[in-house]
Amino acid sequence: MEYIHHALKIKYDLCVGCSNCTSICPTCSIHVENGRPILDPNRCIDCGMCYQTCPMNAIYIDQDDFDTIYNYKCPVLLVPSIFSAQFPEKVSQRAILSAIYHLGFRYVYEVEKSVDVLKEVINEKVKDCDAEKPIISSFCPAIVRLIQVKYPSLVGNLLLTKPPLDMTAIYIREVLTEHGIAPADIGIFYVSPCAAKIAAIKSPVGEEKSNIDGVINMNYLYNKVFRIIKQGVYTLREDEFDFHPLSKNSILWSLTGGEIKDIVVGRNLAIDEVHNVSDFLEKLENEDLDGIDFLELRACDESCAGGILCAGNRFLVAERQKKRAKQRPKTVTPSENNILNYKEFLRENMSLGEVKPRSMDKLDDNISVAMRKMKKVFEITNDLPKVDCRICGYQTCKALAEAVVNNQADIRQCFFVQRILEQTDKLTTMEALKLTKKVWGEVKLDKDSIKHLDLE
């Protein structure tokens with residue numbers, strides 16, 4: 001099986017086996033064994049829903065060591081425009097930038113710098129009558145993985161164009177190399193608002209290697225920068241060190257509706273929050289929807305402003321972004337945004353390779369065997385109660401049935417099946433208890449755990 005990096009990790013010493021993560025996962029990638037959540041790496045899309053719902057903070061984000069920036073003579077920071085919106089309004093962009101430079105970065109660029117090039121390509125694709133519609137944005141890596149895993153028939157609808165993150169990184173390397181900086185000395189670090197972008201950088205889809213050398217947790221950098229600003233230990237730069245001016249729509253790009261604002265033709269929709277997206281894709285795959293030209297799909301509520309690694313409230317962040325956008329023109333010139341002078345270069349290097357499906361419903365590589373297994377899954381699911389109670393350790397009755405067919409679970413893990421078998425003397429109480437302990441562990445079923453209760 002292909003290696004797929006996942007940024008989400010579990011601290012089992014903190015986990016109490018509450019199964020909240022099992023219930024919220026949009027791809028049924030988590031089940032419970034011996035009282036511990038087990039992650040299926042082929043199903044996980046790093047959307048971060050489990051991270052947000054865990055009451056014990058037992059799920060964490062695996063990230064690069066910040067000190068790796070000092071391994072490069074020319075460390076460059078690539079930040080989403082929403083980074084500056086994490087700070088209170090009284091904190092100026094110049095102060096934020098000065099604090100970033102104080103940390104040791106040589107150059108700072110906003111990710112959306114390349115949007116002015118990308119939006120032209122998207123419009124061309126939407127106008128193309130031969131393109132498979134609707135075209136689905138590849139901006140959000142969690143959505144790309146969701147389609148690969150849960151809706152593989154829609155993989156052909158993905159826009160095979162690098163997102164702004166990669167395009168801006170390509171531009172940065174080209175410009176700095178032209179200025180005489182050795183490629184080996186250039187280290188590009190991205191400030192990520194979510195786990196999905198970390199995973200996409202470590203194991204990119206549609207390309208062999210990412211253009212990013214390292215990833216920094218946005219919440220971590222926010223606290224580091226804000227501490228410097230509060231302590232006043234930095235030097236406020238008074239020269240041209242400022243965020244390069246973005247166009248109005250480039251600033252709004254990472255918010256819900258940001259992409260479709262730049263599409264001039266067709267019927268185009270923007271949908272955020274992974275469960276909303278999943279419901280919509282279900283309808284699309286079942287051909288219940290038609291006449292849509294472009295879909296902007298984002299896994300987080302309020303898109304990147306709602307990323308799980310953002311420090312600020314998503315609604316306030318979105319508000320600050322919109323305020324900043326109002327101060328900017330809809331378009332900028334090449335003199336304001338130098339990347340426009342590299343338009344042809346970027347067009348030659350912006351295509352993604354093939355994005356392959358990796359369906360979570362794939363039961364076997366052999367089609368005939370898979371068909372037999374699929375029939376068996378259908379039969380078992382029909383025999384189960386279909387209440388999706390999760391007592392068996394799986395999110396749904398269907399997920400349990402699939403695990404049973406693949407010899408990964410026992411049908412008797414179902415609480416209702418156990419009761420029926422006990423009534424017909426085909427299962428003893430002790431056998432049922434043993435099966436339940438296999439799922440939820442010894443601790444939860446220890447008779448001494450309720451000794452303080454008066455059950456008489």
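In the predicted model, helix α13 (residues 367–383) and helix α14 (residues 397–405) pack with their axes 9 Å apart and at an angle of about 135°, where axes are lines fitted to C-alpha atoms, for helices over the stretch in contact, and angles run from 0 to 180 degrees between N-to-C directions. Helices (H or I, at least four residues) and strands (E, at least two) are DSSP runs, numbered from the N terminus. This angle makes α13 oblique to α14, given that angles under 35 degrees count as roughly parallel, over 145 as roughly antiparallel, 65 to 115 as roughly perpendicular and the rest as oblique. On the α13 side, the contact (heavy atoms within 4.5 Å) is made by K373, K376, V377, I380 and T381, and on the α14 side by C397, K398, A401, E402, V404 and V405. By class, the contact of α13 with α14 has six nonpolar, one polar and four charged residues; Ala, Val, Leu, Ile, Met, Phe, Trp, Tyr, Cys and Pro count as nonpolar, Asp, Glu, Lys and Arg as charged, and the others, Gly among them, as polar.

Residues are numbered from 1 along each chain as its sequence is written. Because the model is predicted, local features need pLDDT of at least 70 and side-chain atom pairs count only at pLDDT 80 or more, whereas totals for chains, interfaces and linings use all residues, and side-chain values use heavy atoms, with hydrogens and water left out.

The axes of helix α5 (residues 141–150) and helix α7 (residues 195–202) come within 8 Å and cross at roughly 75°, which makes α5 roughly perpendicular to α7. Here P141, A142 and R145 of α5 meet A196, K197, A199 and A200 of α7, a contact with five nonpolar, no polar and two charged residues.

Strands β7, β11 and β10 form an open sheet of three strands in the order β7-β11-β10, with parallel pairing; two strands pair if DSSP finds at least two bridges between them. The edge strands, each pairing on one side only, are β7 (135–136) and β10 (268–272). Five bridges join β10 to the parallel strand β11 (residues 294–298), and the bridge partner of A270 in β11 is E296. Helix α10 (residues 274–285) lies across β7, β10 and β11, and runs at about 135° to β10.

A further open sheet has four strands in the order β6-β5-β8-β9, again with parallel pairing. Its edges are β6 (107–110) and β9 (214–217), each with a single partner strand, so one side of each is left without a neighbour in the sheet. The twist averages 25° from one strand to the next. Four bridges pair strand β5 (residues 74–79) with β6 in the parallel sense, and V79 stands opposite E110 in β6.
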